[in-house]
Structures are given as C-alpha cells and as structure tokens.
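The exercises below are to be worked with the sequence and the coordinates at hand. Each task is followed by a solution in steps.

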Amino acid sequence: MAAIFQGIGTTASLSTSNSFDSKRFQFPSRRSYLSERKGNLFVMRSEGRIIGGSKGRGTSPLVTSAVASKAESSSTSTASKPGHELLLFEALREGLEEEMIRDPTVCVMGEDVGHYGGSYKVTKGLAEKYGDLRVLDTPIAENSFTGMAIGAAMTGLRPVVEGMNMGFLLLAFNQISNNCGMLHYTSGGQFKIPVVIRGPGGVGRQLGAEHSQRLESYFQSIPGIQMVACSTPYNAKGLMKAAIRSENPVILFEHVLLYNLKERIPDEEYVLSLEEAEMVRPGEHVTILTYSRMRYHVMQAAKTLVNKGYDPEVIDIRSLKPFDLYTIGNSVKKTHRVLIVEECMRTGGIGASLTAAINENFHDYLDAPIVCLSSQDVPTPYAGTLEEWTVVQPAQIVTAVEQLCR
Amino acid sequence: MSCAFSAVTMAQPNPLTTNRLSTYAIKLPPFLGSTRKLRPHSLSKSLPSPSKSLRSSTSSVSDVVKELKSNLLITKEEGLELYEDMILGRAFEDMCAQMYYRGKMFGFVHLYNGQEAVSTGFIKLLKKDDCVVSTYRDHVHALSKGVTARAVMSELFGKTTGCCRGQGGSMHMFDKEHNVLGGFAFIGEGIPVATGAAFTSLYKRNVLKEAGGNTVTLAFFGDGTCNNGQFYECLNMAALWKLPIVFVVENNLWAIGMSHLRATSDPEIWKKAPAFGMPGVHVDGMDVLKVREVAKESILRARRGEGPTLVECETYRFRGHSLADPDELRDPAEKAHYAKRDPIAAMKKYMIENKLVNESELKAIEKKIDEVVEDAVEFADESPLPPRSQLLGNVFADPKGFGIAPDGTYRCEDPKFTQGTAHV
C-alpha cells in the first residue's frame with residue numbers, strides 16, 4: 001500500500017518548499033504554527049466549517065488495498081519528507097505516551113498491558129518506563145477493573161482502559177452503561193469521568209464469532225459517552241490524544257486488521273476533534289459514509305468506480321456518537337445520494353442510526369433512499385469463505401453505487 | 001431439621017397471603033441453601049439475651065483486632081458525637097418514611113433504621129478527604145460523612161437544591177466536597193468504584209509522590225452483594241495491590257426477601273477474606289462501640305499501607321427492604337430479637353450507666369436533631385423543582401459531546417440547549 005501523506009494546513013506550502021527543515025516549518029495560512037518537535041502544540045480542529053470539498057489537507061492518493069498489510073516503504077527518499085513513518089499501533093502508542101508525559105495522572109489499565117506490552121503491542125515499553133502502577137496489569141475482571149478506572153477517574157486520575165478485545169467489554173457493560181455514562185449526570189455534575197476505553201474490535205481473520213464483535217452498536221444508546229473509531233495512523237494518534245484530553249468518557253474503537261497500517265504522520269504535536277468527520281475523497285455523485293476498516297473497502301471500490309466514471313465522495317465519519325451532521329449534511333446537499341458502508345450488523349447498528357439521522361435532517365435533499373450496506377445478522381463464522389460473505393466487500397459497494405446512481 | 005435458621009424461615013405458599021405468625025412454630029421442609037449453623041449467639045432458636053452477646057467474636061488472619069474489654073472506650077465528647085449521629089440517622093429515616101407516604105418523595109426509598117451503628121461507627125472516624133461508597137441504602141452514609149440533612153432531603157424531594165441537583169434521587173447520593181462517591185442502584189456496582197478511589201490514593205502516593213498518608217476508602221454493601229462477582233473481583237485486586245480500602249459488609253441477613261442463608265453456600269462472609277490474603281473480621285453491628293474499635297484498626301491498617309480488610313457487621317434493618325416492601329416475610333421473633341439490640345438504646349444505656357452523660361443532655365440532642373430534620377423538610381419543601389434548563393447540562397462534562405448540528409455549530413452552542421429544549 002502506498003504510504004499516505006496527509007499534510008496539515010494548506011497543501012501548497014508543503015509540496016513546493018525545497019529547503020524544508022521540519023524543525024522550522026511555517027504554515028503561511030491563517031493558522032501559523034511553529035513546528036517544533038517538542039513544545040508547541042497546535043490543535044487540528046477546523047475552525048471554519050468548510051462547505052464541501054477538502055478540508056485543505058491535501059489530496060491524498062487513494063488507498064488501493066482494502067486490507068491493512070505491512071506497507072512497502074515509499075520508493076522516494078523519506079529523508080526529505082516531513083514527519084515520520086509508523087504503523088497504526090505505534091501511532092496509538094505515541095499518542096498515549098505523549099499524553100502520559102504531558103499529564104502524570106494519565107495511566108493505563110488492562111489485561112497484559114504492562115509486562116507483555118499489550119496484545120497488539122500498543123503499550124509496548126510503557127511499563128518499563130512508567131512503572132507497574134501507571135501501566136497496570138489487571139487480573140481478568142473486566143467489569144471490576146473498568147469500574148475501578150471509573151472510580152479512579154472520579155477521584156482525579158485519567159485512566160485509559162484497554163479491552164484486550166472489544167468483545168470482552170461486554171463483561172464491563174454494567175460499569176460502562178451505569179457508571180461511565182451516567183455518573184456525571186446522577187451526581188448533578190459533581191464528578192467527571194475522563195476515562196478512555198479502547199480496544200480492537202471488528203471482524204478479523206477467522207477469529208471466530210466471539211472475537212469478531214462490533215460493540216459500537218451495543219454502546220451507542222448509552223447516554224453520556226462519546227464513541228470514535230480510528231482508521232489511519234494519523235487519526236489514531238490524534239483521536240487517542242483527544243480522547244485522553246477530553247473530560248467526557250470516550251470509547252475509542254480500533255480494528256484488529258488495521259494495526260499494521262503504515263503512514264507518515266507529522267512530527268509536530270496534533271490533536272484531532274472527537275466530534276468531526278474526515279473527508280477522505282471529495283466527489284460529486286454519491287456520498288459514501290463509512291468508518292474503520294470499511295473505509296479501505298470503500299476506497300478500493302472507489303478505484304473501480306472512478307474507472308467506471310463515477311465520482312464518489314467518501315467520508316470517514318470517525319465520530320460514531322455523536323454524528324458530525326454538518327460534514328455529512330453538506331455532502332448530502334451536494335450529492336443527493338447516500339450510501340452507508342459499515343461493519344456493524346444490519347439490525348440496530350451505527351448505519352441504522354445514521355440512516356435515521358440523515359432521513360430526519362436531510363430528507364429534502366435526497367434523490368434516492370439511503371442505502372446501508374452492513375454485515376449480515378450472523379455470528380461471524382470461522383470458515384474463511386463464510387466470514388467473507390458476512391462482511392461487506394468492495395464488489396458489493398460498486399454494485400450499490402451503480403444502482404444508486406442510476 | 002436442626003438447622004439454626006428454621007425459626008426465621010418462610011413458608012412455601014404465597015408469602016403475601018399466609019399469616020406469618022401462624023407459621024412460626026411449624027417445622028418446614030428442607031430448602032435449597034446453606035445448612036451450616038451460624039455462630040451460636042445469633043439466630044438460634046433459644047434467643048440469647050443481649051448481655052450474653054456483648055463480646056463479639058472476631059477473627060483475623062493476622063492478629064490485628066484485639067479482644068474487647070468493656071472498659072470505657074470513648075470520651076464524653078466522642079460519645080455525644082456518636083449518639084447525635086445515630087439519632088440524626090434514625091430521625092431522618094423516620095421522616096423519610098413520613099414524607100414518602102405523604103407523597104413528597106417517590107420511587108424506591110431504602111431506609112437504614114437499625115443499622116446506624118455501622119455507619120456511625122465507621123464514618124465518624126474518617127477525615128474529610130477519605131471516601132465513602134455506598135449502595136442504594138445511602139442516606140445515612142451521606143449524613144454521617146457530613147452532607148447536610150437539607151441537601152439530602154432536597155435530593156429526595158427531587159428539588160434542584162439537592163446534593164445532586166435532584167438528578168440522582170434516593171439511590172444516588174453524591175457529594176464531592178465530602179467525598180461521598182455514591183449511591184448505586186445495582187448491588188456490587190459501587191465496589192469497583194471504591195476500589196478505584198483507593199487506587200487513586202495509592203497512585204497519588206507512589207506515582208505522583210504527594211505527601212501525607214493514604215486517604216482511605218470505605219465500601220459499604222450488603223450480604224446479597226457478597227454472592228456477586230464484582231465483590232470477589234475487587235477483593236482480589238484490593239488485596240493484590242494492597243489498596244487502602246475497607247470492605248464493610250452490612251449483613252442484615254436479608255436481600256429483599258432472600259434470606260442470606262438460602263442464598264449463600266457458606267454464610268460466614270468474614271471467612272472469605274483470608275482466601276484473598278486479607279484479614280476478615282466479624283463484629284456485632286448493633287453495637288456502635290465495637291464497630292468503632294474494629295473500624296479504627298482497619299482504617300489505620302489501610303492508612304499505613306498494609307492493605308484492605310473485610311469487616312462483616314452483623315446488623316439488622318428494622319423496616320422492610322424499601323418503603324414498597326410489606327416486610328411480611330421476616331419472622332416477628334427475629335425482628336423482636338434485634339429490636340432489643342437497638343444500637344441507639346444500647347448506646348444510651350452505655351453512656352448513662354457509665355456516667356458519661358445524663359438524660360437531659362441526650363434529650364437535648366434529640367430535640368436538636370428533630371429541629372434539624374424539620375428544618376431540612378421545610379427547606380426541601382420550599383426549594384424549587386429543577387427547571388427545564390437543567391435537563392441537558394450535566395450529561396457531559398464537556399457538552400461538546402453532543403456533537404455538531406447540521407448548521408455547523410456545536411449543539412451545545414444552540415441557545416435552546418441551556419433552556420433544555422435543544423434537539424440533541
């Protein structure tokens with residue numbers, strides 16, 4: 001997969017500068033930031049609401065493969081490009097570590113996060129640096145250690161809870177629904193719960209039904225929590241940092257198959273907005289809303305669609321709760337057709353909620369009914385062929401767009 | 001069957017229709033549950049007189065708790081403080097019952113009558129920084145910790161001046177100033193939260209290197225909770241990391257209508273602690289001085305960093321599980337047995353016999369508390385109900401969590417948000 005570079009700020013300055021020194025990198029745009037490696041932070045929130053089109057982050061080349069795999073390094077010299085290349089799990093670790101350095105109350109709790117380094121190596125090396133108490137190896141008691149994180153958050157810490165697999169957090173549903181979501185409200189605003197609950201979910205490679213669950217659909221009704229899903233190293237790091245800094249409880253959904261995605265991300269510190277969606281590919285004919293791994297299936301389908309003459313607009317919604325209805329709405333107003341591609345189940349998934357939200361808010365702008373492609377309402381089978389058929393594949397996306405745009 | 005419990009068991013047919021008194025002497029068929037005899041001085045058929053049960057049986061892995069002698073354990077000031085706190089708890093709960101039947105408060109209200117010794121015995125030893133986590137039977141824990149009667153009563157009335165702005169209710173008493181961390185409706189739910197508060201204390205000392213001793217957290221919960229997974233998981237974690245927490249079991253023998261003996265394979269809860277490597281103590285929860293002695297030692301243990309303790313307090317609730325519970329299941333003889341051991345009466349007797357106070361001083365306290373409770377009711381009555389504008393404010397600590405509206409602004413920036421009418 002080609003390494004993606006997503007520039008920050010305007011595109012022009014990045015690509016034309018010859019004497020580029022990453023340490024003294026100036027953005028001539030309305031936000032002028034200094035790009036010191038240490039120290040200065042700039043916040044990657046878009047101030048103005050951009051009416052359609054790109055957010056000025058540059059036209060990224062399309063991701064051409066649907067599944068995360070170890071990226072081949074770019075053929076051009078990497079030394080002259082700004083930023084540094086890393087894999088998604090490393091980006092998560094970087095974001096986590098930066099926040100741990102910045103704020104000593106940030107701690108990590110979870111199974112095998114400490115000495116083992118995390119089952120997906122997101123916390124590798126942190127226990128050696130920060131100690132066993134800050135990177136806490138818990139016993140296998142999801143409900144209780146999630147509750148413990150909530151109690152710690154109420155009394156001044158900022159824990160990051162790792163579910164080894166999101167599915168395990170079903171055992172913590174009691175604490176997540178009752179305490180995490182509700183306590184700020186039932187205490188009359190007295191106690192805040194700045195906890196981050198993160199972990200890999202989604203359908204992997206023949207992991208079986210229980211390890212392939214998509215908990216975003218189960219958690220979405222809980223009032224008082226925010227949910228975000230990362231899909232690239234860039235947004236993984238940014239969302240991780242934003243989630244840790246947020247005063248609200250945030251559930252960060254990662255995907256088992258995306259951990260080895262490679263991308264070049266900025267050296268400078270950046271934090272993304274938890275509530276905003278990401279414009280992946282602007283277009284004119286149809287709005288495709290997606291998140292997490294399905295983004296890559298969509299981009300693969302987009303390649304085919306472009307060859308067939310369609311111009312899909314692809315938005316990675318990133319914020320699963322609440323939905324960024326501004327970005328989505330602007331897109332709908334432009335294209336008048338919506339296709340939602342998600343990995344959640346058909347019934348009661350994120351796509352179902354999103355369909356309802358778009359219908360409610362943008363009904364007048366639609367030229368066709370919203371099409372939602374979701375996984376089958378089937379416990380994910382072990383067999384590879386069956387598993388493939390439960391999840392949305394690029395071919396189905398192409399067909400759906402063709403039908404939608406007829 | 002010679003099981004010790006049989007005097008207090010229920011009959012098989014519909015408990016709502018059968019007359020309890022008539023089944024008192026009947027031998028009942030076997031049931032599913034524990035067949036073990038409890039400690040000889042509780043719940044046996046020949047009910048012992050209170051004087052025989054003065055010495056509590058305590059046991060611990062390490063010899064932490066010493067045997068109690070009936071010397072003077074308190075000064076006059078301490079005695080008055082304890083007495084006042086227990087009277088406050090009792091008077092407040094009685095007033096709650098009155099107000100409930102008058103239609104001033106609604107929902108599930110769980111009263112603490114009879115268990116005051118546990119709350120007073122433990123919480124009066126805490127500092128302001130120490131945390132208390134309770135269950136739905138939490139009014140008196142909040143009062144003992146220092147939350148004003150006004151704030152609690154207003155909360156029960158659902159008024160905006162309540163400690164949780166009327167948003168929590170009877171089962172969710174929170175107070176940041178006094179470190180009351182709730183108030184939880186599901187049993188066992190608060191224990192992990194208490195473990196987390198204790199974890200913060202450990203973290204602050206060891207990672208943030210803040211000076212001073214550990215702040216201690218007390219987790220209160222009942223006998224029913226001791227069969228719940230969260231209890232065991234937290235016992236394990238607390239003992240593993242030597243968290244500064246005391247687990248206080250208020251064993252009042254009944255979980256709504258489920259007798260502790262019918263639900264538990266080994267009903268002696270204090271014995272479960274050594275399995276996790278922490279001391280387990282059993283204490284007579286109707287005697288505030290005994291509770292206080294045990295509490296002192298376990299809180300000191302926690303503060304010194306020696307880890308958690310499990311304290312099982314044998315206590316009893318004089319009223320039903322909640323105000324909606326007709327309380328027809330429990331044996332009147334059992335109720336009478338514990339009524340004789342009323343902690344307030346016992347404390348009064350102790351103080352007068354030991355010439356710590358005279359009657360008039362105690363009466364003065366009772367009068368003062370009556371006034372406090374009346375004032376609380378008046379305050380709650382006159383307080384306003386929460387306005388619509390309060391609806392959305394506290395859902396998120398950062399209201400940006402409601403997201404971005406179609407027009408591009410954050411929903412919390414919508415002027416209707418502060419009015420409580422915004423579409424979120």
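The model is predicted, and the exercises go from the interface between the chains to single elements and residues.

**Exercise 1. The interface**

Task: Describe the interface between chain A and chain B by its residues in contact, its buried area and its polar contacts.

Solution. 
1. Start with the contacts: 53 residues of chain A meet 54 residues of chain B.
2. Next take the area. About 4400 Å² is buried between chain A and chain B, and carbon and sulfur atoms give 63% of that area.
3. Then count the polar pairs. Between chain A and chain B there are 22 residue pairs in polar contact, with both residues at pLDDT 80 or more.
4. Assign the chain A side to elements. Those that give two or more residues to the side touching chain B are β3 (106-110), β4 (135-137), α4 (142-154), α5 (173-181), α6 (183-186), α10 (325-335) and α11 (350-362) of chain A. The largest share, 8 residues, comes from α4(A).
5. Sort this side of chain A by class: 22 residues are nonpolar, 22 are polar and 9 are charged.
6. Finally, look for salt bridges: the count between chain A and chain B is 0.

**Exercise 2. A helix of the interface**

Task: How many residues of α5(A) are buried, and which are they?

Solution. 
1. Of the 9 residues in α5(A), 8 are buried, so the helix counts as mostly covered under the cut-off of 20% relative accessible area.
2. The buried residues are Asn174(A), Gln175(A), Ile176(A), Ser177(A), Asn178(A), Asn179(A), Cys180(A) and Gly181(A).

**Exercise 3. A strand in chain B**

Solution. 
1. Chain B has 12 helices and 9 strands, and 57% of its 424 residues are buried.
2. Find the partners. Strand β1 (residues 131-133) of chain B runs parallel to β4(B) and is joined to it by 3 bridges; here Val132(B) stands opposite Leu218(B).
3. Strand β5 (residues 245-251) of chain B is also parallel to β4(B), with 6 bridges between them. Val249(B) in β5(B) is the bridge partner of Phe221(B).

**Exercise 4. Two residues of chain A**

Solution. 
1. Gln226(A) is found in strand β7 (residues 226-229) of chain A. Its relative accessible area is 0%, under the 20% cut-off, so Gln226(A) is buried.
2. The contacts of Gln226(A) include Ser246(A), Asn248(A), Leu274(A) and Lys321(A), as well as Phe396(B) and Gly401(B) from chain B.
3. Met294(A) belongs to helix α9 (residues 294-307) of chain A. Met294(A) is buried because its relative accessibility is 0%.
4. The contacts of Met294(A) are Val341(A), Glu342(A), Glu343(A), Val391(A) and Val392(A).
5. As a distance check, the C-alpha atoms of Met294(A) and Asp377(A) are 17 Å apart, with the two residues 83 apart along the chain.

How values were computed. Residues are numbered from 1 along each chain as its sequence is written. Chains are lettered from A and ligands numbered from 1 in the order in which they are written. This is a predicted model: local features need pLDDT of at least 70, side-chain atom pairs count only at pLDDT 80 or more; totals for chains, interfaces and linings use all residues. Side-chain values use heavy atoms; hydrogens and water are left out. Contact means heavy atoms within 4.5 Å. Buried area is the accessible area (1.4 Å probe) that two parts lose on being put together, summed over both. A salt bridge is a side-chain nitrogen of Lys or Arg within 4 Å of a carboxyl oxygen of Asp or Glu. A polar contact is a pair of N or O atoms within 3.5 Å; within protein, one must be able to donate a hydrogen and the other to accept it, and residues adjacent in sequence count only if both atoms are side-chain atoms. Helices (H or I, at least four residues) and strands (E, at least two) are DSSP runs, numbered from the N terminus. Ala, Val, Leu, Ile, Met, Phe, Trp, Tyr, Cys and Pro count as nonpolar, Asp, Glu, Lys and Arg as charged, and the others, Gly among them, as polar. Two strands pair if DSSP finds at least two bridges between them. Buried means under 20% relative accessible area, exposed over 50%, partly exposed in between (1.4 Å probe, protein chains only). Lists of a residue's contacts leave out its neighbours within four places in sequence.
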